[in-house]
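Please look over the sequence and the structure shown below before reading on.

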Amino acid sequence: MTTSAWTLLGLYLVVLLLLAWPTGRWLASLCEGRLPRWMRRAETPLFRVAGVDAERAMHWRSYALALLAFNAIGALAVYGLQRLQHLLPLNPAGMGAVSPDSAFNTAVSFATNTNWQGYAGESTMSYLTQMLGLTVQNFLSAATGIAVAFALARGFAARNTDGRGFVGNFWVDITRITAWLLVPLSFVIALVLVGQGVIQNFDPSRTVATIEATAYQSPRLDAAGQPLKDASGHALTEDARTTTQTLAMGPVASQEAIKMLGTNGGGFFNANSAHPYENPTALSNFVQMLAIFLIPAGLCFAFGRVVGDLRQGIAILAAMTVMFVLAVVAVIPAEQAGNPLLPPLGVDQAASATQAGGNMEGKDVRFGIGATALFAAVTTAASCGAVIGMHDSFTPLGGMVPMVLMQLGEVVFGGVGTGLYGMLIFAVLAVFIAGLMIGRTPEYLGKKIEVHEMKLTSIAILITPILVLAGTAVAVIADAGQAGIANPGAHGFSEILYAFTSAGNNNGSAFAGLSANSPFYNALLGVAMWFGRFGVIVPVLAIAGSLAAKKRLPVTAGTMPTHGPLFVVLLIGTVLLVGLLNYVPALALGPIVEHLILRK
């Protein structure tokens, strides 16, 4: 890595931790219900109208049913908006109704915090659909993930219980997280982005004069307006120039802020955060990367406060940070090394005063390899999916790093809420393994980890690999799946594997080369997204309920410490061993064999 890359990484981590500390304090207050009196007064009418008793906790089953119903209704609402958008207002471009399969995929995608997009936003979705459908779901899906993390933290923190497994009130959690966390932070970030040049308007698309005319080939026409052809039947063309360009407008900053803060991903424009109207400057790029990790990092501090031992949260954060740094140290040098097939052809890939050097294909030239590769690691370590460079154009090993970060279970910081509860599931597995090694009943934070919890842990860990690998296998075998492959061979397999990895882990980024906007992929990826999200959430809530029903045991001389460097190493080893081994054979068929072919 270059000096500038190390400097950027160091500055990013320092600023992130400084901001995550106060964020964690506020998250802990939200989890424990310690709110200022004026906030409670503002909530009371809302809860009264909704018929919600804010002081009444729910059993984990009731919590899970409320969560599933809430998100299912949200998905139906987004589906309806897309299918009816041609009849609704705030559609200055006259966008037509979205096709049923694409509307289904998008509705599931945004309800599950995945934000996979098989369409170009500026040419498919009306302003109303973008705001009332997609942006609203960005808030609610993010709040859902944080609510699950709160429920699990309460399960560990519960001390004197009546054995009934209460984990909080879902309606209270979703309201407070949205109103007192996501909306205020998004408003501040949106203002910063607008100040940097991100657009926010309701204007129709504008046709503007270009600085330099764009040359292109135009078909030659006869007097009747029909294309002229030569003797061989090929169309005749002539040079032409255009001096205008159509620029899409819209309410971008408001969606951009929550898409990053809620680790949603997606984009108002097809180019996503590589579009200058979404991400205009180096400062806006830095702010967006901070927004992606802010809440996941803050939740680690909040967890430590809620369970009464800040060291526990710091240990979780340390494990996440170490794995993230290792990923960055892997991806940036892989891209800086360039393509080994080009130097023999006389192509100079060395960095100099006149060129960036390395593999600049698919990178945002405004930010270079260092910032683009760092963004790729950030967005796939979290379940965000926003991109400023095409991962499909990375080197085989460079592209494998974002894929592996997702395959670990989105626990390296991870999405808002999902990263914390995913890492806590691995922590439960780690103490269980350690307990077997030393012949003791495993405990974590004073709660015994028994057969019931381990069954649920196994389901939560295995559901995503099953969805990813099974979906990839079906797509590779089916004719409809093969029809979307533009790059046969190992790279085409990597594109399919990446797509299902992204969908099953609710990330939303793509390798790009796969033509996935088809009924086959829209349906199959939609199923992977739904069960990848809620197939993990339900067992996590069941674990929370089981732990909440248990009394918290006092610390003794025989209690294994779970806050020191040894536990951090054990946790990292468990994540890498269990999370990654599921995918090693598939990785060997894709990026690994492609790397070997490239360097033969």
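**Aromatic contacts and helix packing**

Phe-301 counts as buried at 8% relative accessibility, where buried means under 20% relative accessible area, exposed means over 50% and partly exposed lies in between, with a 1.4 Å probe and protein chains only. This is a predicted model, in which local features need pLDDT of at least 70 and side-chain atom pairs count only at pLDDT 80 or more, whereas totals for chains, interfaces and linings use all residues. Residues are numbered from 1 along each chain as its sequence is written, and side-chain values use heavy atoms, with hydrogens and water left out.

**Aromatic rings**

- A search of the whole structure finds 22 aromatic pairs; rings of Phe, Tyr and Trp (its six-membered ring) pair if their centres lie within 6.5 Å, and planes under 30 degrees apart count as stacked, over 60 as edge-to-face and the rest as tilted.
- Because Trp-21 lies in helix H1 (residues 3–32) and Phe-301 in helix H9 (residues 282–306), the pair ties together parts that are 280 residues apart in sequence; helices here are DSSP runs (H or I, at least four residues), numbered from the N terminus.
- Trp-21 is partly exposed, with a relative accessible area of 35%.
- The charged end of Arg-305 sits over the ring of Trp-21, 4.7 Å from its centre, a description that requires NZ of Lys or CZ of Arg to be within 6 Å of the ring centre and within 35 degrees of the ring normal.
- Tyr-12, Phe-286, Phe-293, Phe-324 and Phe-413 form one aromatic cluster.

**Start of the chain**

- Thr-2 lies in the segment before H1 and is partly exposed, with a relative accessible area of 34%.
- Thr-2 and Ala-486 are 484 residues apart in sequence, and their C-alpha atoms are 34 Å apart in space.

**Helix packing**

- H1 and helix H11 (residues 368–381) pack at an angle of about 40°, with their axes 10 Å apart; axes are lines fitted to C-alpha atoms, for helices over the stretch in contact, and angles run from 0 to 180 degrees between N-to-C directions.
- That angle makes H1 oblique to H11, since angles under 35 degrees count as roughly parallel, over 145 as roughly antiparallel, 65 to 115 as roughly perpendicular and the rest as oblique.
- Helix H6 (residues 127–157) and H9 pack at an angle of about 20°, with their axes 10 Å apart, which makes H6 roughly parallel to H9.

Terms used. Helix = DSSP H or I, 4+ residues; strand = E, 2+ residues; numbered from the N terminus.
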